[in-house]
Amino acid sequence: GQLYLDVPVDSRLAAMENPYDPQARAALNLNPETDWLWDHAFYKGHYYSYFGALPALIIFAPYKFITGKDLAAYHATQIFSALFIIGLFVLLYLPAKKFFPRMSFAVYLISAVAFSIVSISYCTGAPALYCAASSAGLCVGVWSAYFFIRAGYCSDKNFLTEIFIGAFLGALAFACKPTIALANFLILPLLPSLLKDKPLRNFLVLSLPYLITCAALMTYNYLRFDNVFEFGQAYQLTIADQHAYGKFSERFNLSAQIDGLTENFSNALRYVIFWLPIILLKYIDELREKNLIGVVIALIITPILITAVQIQWTPLLLERYRLEIYWLLSLLSFISIGFLPKKFNFVVCVLGVVTILQCLNVFFTPNDLNFAAIYPELRPTLLKILTAGF
């Protein structure tokens with residue numbers, strides 16, 4: 001019957017003028033392991049979870065109700081990641097059949113495997129805590145894109161149902177992580193197809209899930225933080241005083257935006273398969289002919305938009321934040337592969353294998369509390385197993 005966590009609050013923290021200042025907490029010798037909850041929101045004397053509510057509603061609470069036990073966060077990440085992989089395979093199969101019927105099954109398969117591994121690479125290395133919400137957002141996001149693209153390009157008797165399911169899943173992404181939900185920007189180039197014939201009816205079917213979800217989330221935010229737009233990040237207890245971030249216009253810094261965009265995309269371009277979209281410059285006419293130009297532009301703009309918002313509200317651009325753009329770059333790269341002549345099939349397969357090996361390398365490189373960072377003693381043993389002792 002309450003929205004805050006039933007956790008006792010240290011009297012020193014409750015008495016602080018600004019409990020969100022990490023230096024002020026350190027000055028009082030407040031230990032995050034014993035005296036305050038790391039990465040939780042703290043407001044008016046209570047702790048709250050600022051993570052998206054969807055995973056709790058559809059997995060954690062039902063599991064607790066049925067078994068009486070708490071579900072480990074990494075199990076939720078495993079479930080969402082598995083559903084995401086299935087969704088990505090299905091999503092990539094749509095353009096493969098619709099626009100690139102000459103694409104060989106081997107190229108489709110190796111590409112789908114490589115893009116799946118890239119898109120959830122961080123989830124495999126550090127699946128607990130943060131990735132539960134992120135993988136949930138990726139999961140509903142990829143299935144939302146599937147139903148929207150199917151409705152936009154493969155119109156059939158299930159047209160309205162596909163629009164509604166796409167909108168419903170796209171709206172749920174906001175209940176996982178708002179920056180991941182910005183992938184809904186991909187809807188824009190599809191609107192002419194989605195609103196054809198009976199635009200008012202179709203618009204109502206499309207917008208209703210967003211309106212209902214928006215109202216529910218705003219109510220949830222207001223009941224907890226007295227602000228319909230605040231989901232808890234401003235009151236987060238972490239390495240930076242995010243309570244002092246202020247308004248978007250006050251915090252915006254062009255230099256920080258440029259540096260952040262450079263950092264995110266330079267890291268993304270470590271993966272050789274993400275270099276392929278450059279070839280689309282040669283196929284502008286073919287993109288227009290297949291009515292894909294709008295989707296391609298959206299797939300270029302959306303990762304930039306997500307990164308720009310991340311920079312605005314995040315003290316550090318860690319590898320886990322790039323999960324939010326990798327699957328979009330994967331869609332863009334797959335479209336690029338579709339335009340390549342058959343003589344490049346072998347090259348694409350090689351790029352796919354190299355990308356998979358690059359992901360393995362990231363898994364075994366200590367970074368941001370991933371597997372290799374927590375269990376460094378296991379790294380040599382696992383590498384010997386993978387290389388058959390060589």
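Colleague: How many residues in the lining of the largest cavity are nonpolar, polar and charged?
Modeller: In this predicted model, local features need pLDDT of at least 70 and side-chain atom pairs pLDDT 80 or more, while totals for chains, interfaces and linings use all residues. Residues are numbered from 1 along each chain as its sequence is written, and side-chain values use heavy atoms, without hydrogens or water. Ala, Val, Leu, Ile, Met, Phe, Trp, Tyr, Cys and Pro count as nonpolar, Asp, Glu, Lys and Arg as charged, and the others, Gly among them, as polar. On that basis the lining comprises 22 nonpolar, five polar and no charged residues.

Colleague: Which residues lie nearest the centre of the largest cavity?
Modeller: A cavity is a set of points on a 1 Å grid over the protein atoms alone where a 1.4 Å probe fits but cannot get out, and lining residues have an atom within 4 Å of a point. The largest cavity has 27 lining residues. Nearest its centre are Leu91, Ala145, Ile149, Leu186 and Leu331.

Colleague: Which helix gives the most to this lining?
Modeller: Helices are DSSP runs (H or I, at least four residues), numbered from the N terminus. At least two lining residues come from each of α4 (73–98), α7 (130–153), α9 (178–181), α15 (293–313) and α16 (323–339). With seven residues, the greatest contributor is α7.

Colleague: Which residues line the second largest cavity?
Modeller: By class, its lining has three nonpolar, four polar and one charged residues. The residues are Ser121, Tyr122, Gly125, Glu319, Val362, Phe363, Asn367 and Asn370.

Terms used: 1 Å grid on protein atoms, 1.4 Å probe; cavity = no way out; pocket = protein on both sides within 12 Å on 5 of 7 lines; lining within 4 Å.
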